Amino acid sequence: MSTTTVAHHDDHAEHPTGIMRWLTTTNHKDIGTMYLTFSLIMFFVGGAMILGIRAELFKPGLQLMNPEFFNQLIGVHALIMIFAALMPAATGFANWMIPLQIGAPDMALPRLNNWGFWLLPPSAILLTLPFTLALFGIGDGALATGWTFYPPLSVQGGIGVDFAIFAVHLLGISSVLGSINVIVTVFNMRAPGMTLMKMPMFVWGWLITAFLLIATIPVLAGAVTMLLTDRHFGTHFFDAAGGGDPIMFQHLFWFFGHPEVYILLLPVWGFIPQILETFSRKPMYGYKAQVYSLWAIGALAVVVWAHHFFTAGMPVPALLYFMYSTMAISLPLAVLFFCWIKTMWRGSMSFETPMLFAVGWIILFGIGGLTGLVLADVAADAQYHNSYFVVAHFHYTLFAGGIMGIMAGTYYWLPKMTGHMYSEKLGKLHFWLTAISFNMTFIPQFFLGLAGMPRRIPDYALQFAEFNMISSIAAFTLGLSQLLFVYNIVSCARGGKKATDKVWDGAQGLEWTLPSPPPYHSFTEQPVIK
Amino acid sequence: MVCGVYVFNMALIEEPKVERPENLTAKEQLDLKNKKLVRKLLWLVVGSLLFAFALVPLYDVLCSLTGLNGKTQNSAALLTKAKVDNSRWVNVQFTSSVMPGLGWNFYPKQTSIRLHPGQIETVLFVAKNITNEVVVGQAVPSITPGIAAANLKKIECFCFVRQSLKPGEEKEMPLRFFVSPELPKDVSDMTLSYSFFPAVSESK
Ligand code: HEM
Ligand SMILES: [Cu+2]
């Protein structure tokens, strides 16, 4: 912004090689790559866990595991997918792309950045270690409360809960560090001439995410700390016998939890319009409207939390307030949908893999949003709460809206990051397999939920058998299809057709002015935006 | 907490050196600017953390002011001679549960009672210690619907103090209460639920 030239880093051509390069790196691209790799690995770890669940649910009755282990798998699956797969993926792209998109040489706080990443592997280990310890007879496995940690169960649970609490602390610190870095980078390191209202949408999405993280992660940290002291140090924050209240935990948790779902999606809402404009070959529609909508959603996100426990008991005025405010979020969201569609309208569109994912994403995420509106209705939620309908809803938003969005971004930026083109044929195959098996997995779950099948239960009544069988078969297809994704990424990283600097015919933005792959230090001379 | 201590340290470490900005190179100026912003953001983090803990007392204040969440006043109501409203009937139901770790049986002797607002009634709950140790328990009441919580007035209740039972001892415990005539007109049924918890001893 104010500085026109930014000095080189001292450590130029002499950065260490081998493992030390990765342990000590402060380079935004190296760190970004580590985040993305970590995220991909954890995506498979979390995926393997849930395939265990789907295998158990293939048939009614208990076949493969006892209910305690079933509950542990479910909770750890969710924590891993949210904190160790989806969030690091978004942070990985932030590291890679924000400096490139705003014309900066690196992130503002490179050493903090390194720390932020290296907190993740220990927390992933903390989350999964109790499974291994249980094999050796230590403790009774991982936390069995689901990812939401509700007391009294989480106060009574075994050491798995403590491990998960520490993991959440580390993950929280990591996200807060990452967010601080993003905000400082965006505020202080933009190229001359790049005003806030000229920033790429991805940068906007991340900026708002970063503020939401800073505002809400500490509340989660506080809540799980209270759990910890309730468990071990004789406090009674959530213990009714000691004057506490278990419902208060739900307030604290969801004060973080609801903004969290937007934290996961705002970065995606950033790059999807960029993909749409690239492959429609015309500028995105309604840039300002989109920016304001992102802010509106970010602001509303922190005042609607209680829609996650309408059934816990609330006076009618509170129910009405949380219902209407939740529904109000769909207004700015509708503005976004309108802008996305209008961006494609009468464009000269082509359907390379990123665009396929982006268009599929709009439809699938749309289903997620619409079913959310159904759940926001207090009267309807009384029936749907804690049923498979909720599970299907949040997988349309988190798997389709989150993961598939990230996949769109991966295919979009992969040639830029590696310097090679991925296989278009495999990419398209991956899209269709993913889209079809995803729907086959979760559409049946909507019907199961409507018919009354509760979530987080290892056994079920006979009338649910067919839909569960379909869902399980599709889930395994979905899981296996992801191997194509890995294969495509790995072979793209190793070689393939050379990518041009611009990569895509209609690509817009500073990142496409650099060579593919970009040099170790991105912009040593900051570009000037007219 | 861990997080709080950590960010606090960071706030101290990142203290920018006081130097006059004119003498600095562009890079040093940027560093200075970055550090200033980092410190501001860290205060934001600390603020949100404090906010989380501030929610605890706020939550209790809100709940006891509004009776939200079915929290009842856990002290004896003044026996002001409330006028009995013979024109209305209220149905009060009783449920009970025993929390894990308390080796008791505990149940209401009658599951519901029909009474007029203002009319004072006594119902009995039975608790039996099925362990061979002395066990101390504490009952925690909760009322549904929450808006009616403030209208159930307890004159005498086993939940006011801890209850101690000798091994195998069985005790009948009274609850004397009335429903205030100010009960909102649209409430005709209420449920009073007691959960018996293992009492938390101060010495622990
Ligand atoms: C217009 C948009 C949306 C509305 C109105 C909405 C509404 C709701 C409601 C009312 C619930 C609670 C259901 C219950 O437990 O009974 C819920 C659950 C959930 N929603 Fe949404 N939602 C929307 C969008 C999203 C988005 C964008 C995401 C994620 C990116 C998301 C993720 C979730 C998750 C993870 C849960 C379940 C949490 C749990 O209980 O474990 N939702 N949603
Ligand atoms: Cu929500």
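Trainee: Does Cys492(A) count as buried or exposed?
Mentor: This is a predicted model, in which local features need pLDDT of at least 70 and side-chain atom pairs count only at pLDDT 80 or more, whereas totals for chains, interfaces and linings use all residues. Residues are numbered from 1 along each chain as its sequence is written, chains are lettered from A and ligands numbered from 1 in the order in which they are written, and side-chain values use heavy atoms, with hydrogens and water left out. Buried means under 20% relative accessible area, exposed over 50% and partly exposed in between, with a 1.4 Å probe and protein chains only. Because the relative accessibility of Cys492(A) is 1%, this cysteine counts as buried.

Trainee: Which residue is joined to Cys157(B) by a disulfide?
Mentor: A disulfide is taken here as a pair of cysteine sulfur atoms within 2.5 Å, and this rule gives 1 disulfide over all chains. At an S to S distance of 2.4 Å, the partner of Cys157(B) is Cys159(B).

Trainee: What is the handedness of the disulfide between Cys157(B) and Cys159(B)?
Mentor: The handedness is read from the torsion about the S-S bond, which for Cys157(B) and Cys159(B) is about 130°. The disulfide is therefore right-handed.

Trainee: Which helix supplies the largest share of the shell around ligand 1?
Mentor: The shell has 23 residues, those with a heavy atom within 4 Å, and the closest include Trp147(A) and Arg455(A). Helices are DSSP runs (H or I, at least four residues; strands are E, at least two) numbered from the N terminus, and among those of chain A that each supply at least two shell residues are α9 (246-280) and α11 (316-344). The largest share, 6 residues, comes from α12(A).

Trainee: How far is a polar side-chain atom of His385(A) from an oxygen atom of ligand 1?
Mentor: Polar contacts are pairs of N or O atoms within 3.5 Å, and an oxygen atom of ligand 1 lies 2.9 Å from an N or O atom in the side chain of Trp147(A). For the side chain of Asp381(A), the corresponding distance is 2.5 Å. For His385(A), the distance is 2.6 Å.

Trainee: Which residue is the single protein donor to the iron atom of ligand 1?
Mentor: Donors are N, O and S atoms within 2.8 Å of the metal (3.2 Å for Na, K and Ca), and since water is not among the atoms, sites may look incomplete. The iron atom is 4.5 Å from the copper ion, ligand 2. Through NE2, 2.2 Å away, the single protein donor is His393(A).

Definitions and conventions:
Polar contact = N/O pair within 3.5 Å; in protein donor to acceptor, adjacent residues only side chain to side chain.
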